[in-house]
Structures are given as C-alpha cells and as structure tokens.
Amino acid sequence: MPAARLDTIAFPRGGTLPSVSITDGNTVTFEYTGRLDDGTVFDTSREDVAAEEGLADAQPERDYDPLTVEVGAGAVIEGMEDGLRGLSAGDAETFEIPPEEAYGEWSEEAVQEFETDELRGMLGETPEEGAYLQAQNGQQGEVVHVDEETVRVDFNPELAGETLTFEVEVVDVED
C-alpha cells in the first residue's frame, strides 16, 4: 500500500504539525500578483485582479490559473525561486525582487541598429516604431527608432531594470 502524503497533520486535541518548507526539487503551485514600483500590476494568476487592473481585456484568451513550477529548475526568475524557498502550503508572502534577480538591468548593448533598406527587404515593409520584431534566435525586440537610414531595435526584456514586487500564496507543495 503506497504511503499517504500529508501537508498538515491534525491532532485530536487540536494543533497541527506544519507542512514541509519548500526546497529545490519541490513542485510548487502558487497564486501570484506582480507589481512595479509605482503599483502597476504587470502580471497575475488571479482572474479578479486581472479584471480589476485591465489585464483581462488586454489578453482575453488567457487563462488565469495558479502557476506550477519545480523550484531550482530555472523555470521562473531567480528572485521568485528565492522567495518561494522556505515557504509552505498555505503561506502568503510579499517580496521584492531587484533587477539583478529578475530580468537584469537595462543595457544599451541590447539595442541593435539595422540598415532600414536591409530590414525593408527582409520584412517587405519598413517597420514602424512600437512594432515588435523577432530575431532568428527567437528574441523579441521593440522598434524604438526608424529613419531613412537606420532602425533601432531594443532587445532588452520588457521588465529589465525594474524592481518587482510579488504577492504570492502557496497553494500546494509536492516532493
């Protein structure tokens, strides 16, 4: 008979034995809301928050469900993994993640220049500022400048240079 897995053990006279703390290798399911320094919500797993903040209108096809990741596998940013370690199922926590543990600092080196004629030939049209292009390596970049000779494309991650605040609630932890 397989052993039963318990997150919390209830005792007849009251009291509980707390569940195991999250460590590398655990599969963790959690709800989250990510905010910028100014309080703007940039992502969430909670449909009610998405609706309230206007995210649901911007992404009508998206499902808002808790996120499940293996801690230590690099599936989420370093600061998120660090914030989850030590928490248990049922815990709710808010933590701040500096750019170096999130998407890195914004870098001028990630902004590349292309000849307008060269891009026009590849795309069949001249790109417009604000458009997004995908490089051969899969990276997406935003066109930030266009003139007759040069197109500048910013390949920095959208949240580069940002300090992020996450509100998380751990739903489940599995070994």
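## Briefing: charged pairs, sheets and cores in a predicted model

Leaving aside neighbours within four places in sequence, Glu 78 is in contact (heavy atoms within 4.5 Å) with Glu 100 and Glu 101. The structure is a predicted model, in which local features need pLDDT of at least 70 and side-chain atom pairs count only at pLDDT 80 or more, while totals for chains, interfaces and linings use all residues. Residues are numbered from 1 along each chain as its sequence is written, and side-chain values use heavy atoms, with hydrogens and water left out.

- Glu 78 lies in helix 3, where helices (H or I, at least four residues) and strands (E, at least two) are DSSP runs numbered from the N terminus.
- With a relative accessible area of 46%, Glu 78 is partly exposed, a class that falls between buried (under 20% relative accessible area) and exposed (over 50%), as computed with a 1.4 Å probe on protein chains only.
- The C-alpha atoms of Glu 78 and Glu 100 are separated by 8.8 Å, and the two residues are 22 residues apart along the chain.

**Salt bridges**

- Side chains of opposite charge can pair when their charged atoms come close.
- Counted as a side-chain nitrogen of Lys or Arg within 4 Å of a carboxyl oxygen of Asp or Glu, the salt bridges come to nine.
- One of these salt bridges joins Arg 85 to Asp 24, with the closest N and O atoms 2.7 Å apart; because Arg 85 lies in the loop between helix 3 (78–84) and strand 6 (92–97), and Asp 24 in the loop between strand 2 (16–17) and strand 3 (27–35), the pair ties together parts that are 61 residues apart in sequence.
- Both ends of this pair count as partly exposed, Arg 85 at 30% relative accessibility and Asp 24 at 48%.
- Arg 152 and Glu 108 also meet through their side chains in a salt bridge, at 2.9 Å from N to O; Arg 152 belongs to strand 10 (residues 150–154) and Glu 108 to the loop between strand 6 and strand 7 (111–115), so this pair ties together parts that are 44 residues apart in sequence.
- Arg 152 is partly exposed, with a relative accessible area of 23%, and Glu 108 is likewise partly exposed, at 44%.
- Arg 152 forms a salt bridge with Glu 113 as well, at 3.2 Å from N to O; since Glu 113 lies in strand 7 and Arg 152 in strand 10, the pair ties together parts that are 39 residues apart in sequence.
- Glu 113 counts as exposed, at 52% relative accessibility.
- Salt bridges that share partners join Asp 24, Glu 81, Asp 82 and Arg 85 into one network.

- Four strands, in the order 7-10-9-8, form an open sheet with antiparallel pairing, where two strands pair if DSSP finds at least two bridges between them.
- Strand 7 and strand 8 (132–134) stand at the edges with a single partner strand each, so one side of each is left without a neighbour in the sheet.
- From one strand to the next, the twist averages 40°, with axes taken as lines fitted to C-alpha atoms, for helices over the stretch in contact, and angles running from 0 to 180 degrees between N-to-C directions.
- Strand 7 pairs with strand 10 in the antiparallel sense over five bridges, and Glu 115 stands opposite Thr 150 in strand 10.
- Helix 4 (residues 116–123) lies across strand 7, strand 8 and strand 10, and runs at about 80° to strand 7.

**Strand 11 and its partners**

- Strand 3 and strand 11 (residues 164–174) run antiparallel and are joined by nine bridges, with Thr 33 standing opposite Glu 167 in strand 11.
- Strand 6 is also antiparallel to strand 11, and six bridges join them; the bridge partner of Glu 96 is Thr 165 in strand 11.

**Nonpolar cores**

- A nonpolar core is a set of buried Ala, Val, Leu, Ile, Met, Phe, Trp, Tyr and Cys residues joined through side-chain atoms within 4.5 Å; the largest has 21 residues, and those with the most contacts inside it are Ile 22, Phe 30, Met 80, Leu 84, Phe 166 and Val 168.
- Strand 3, helix 3, strand 6 and strand 11 are the elements that give two or more residues to this core, and strand 11 gives the most, with five residues.
- Met 80 touches Phe 30, Phe 95, Ile 97, Phe 166 and Val 168, not counting residues up to four places away in sequence.
- Another core, of six residues, lies apart from the largest one and includes Leu 119, Val 151, Val 153 and Phe 155.
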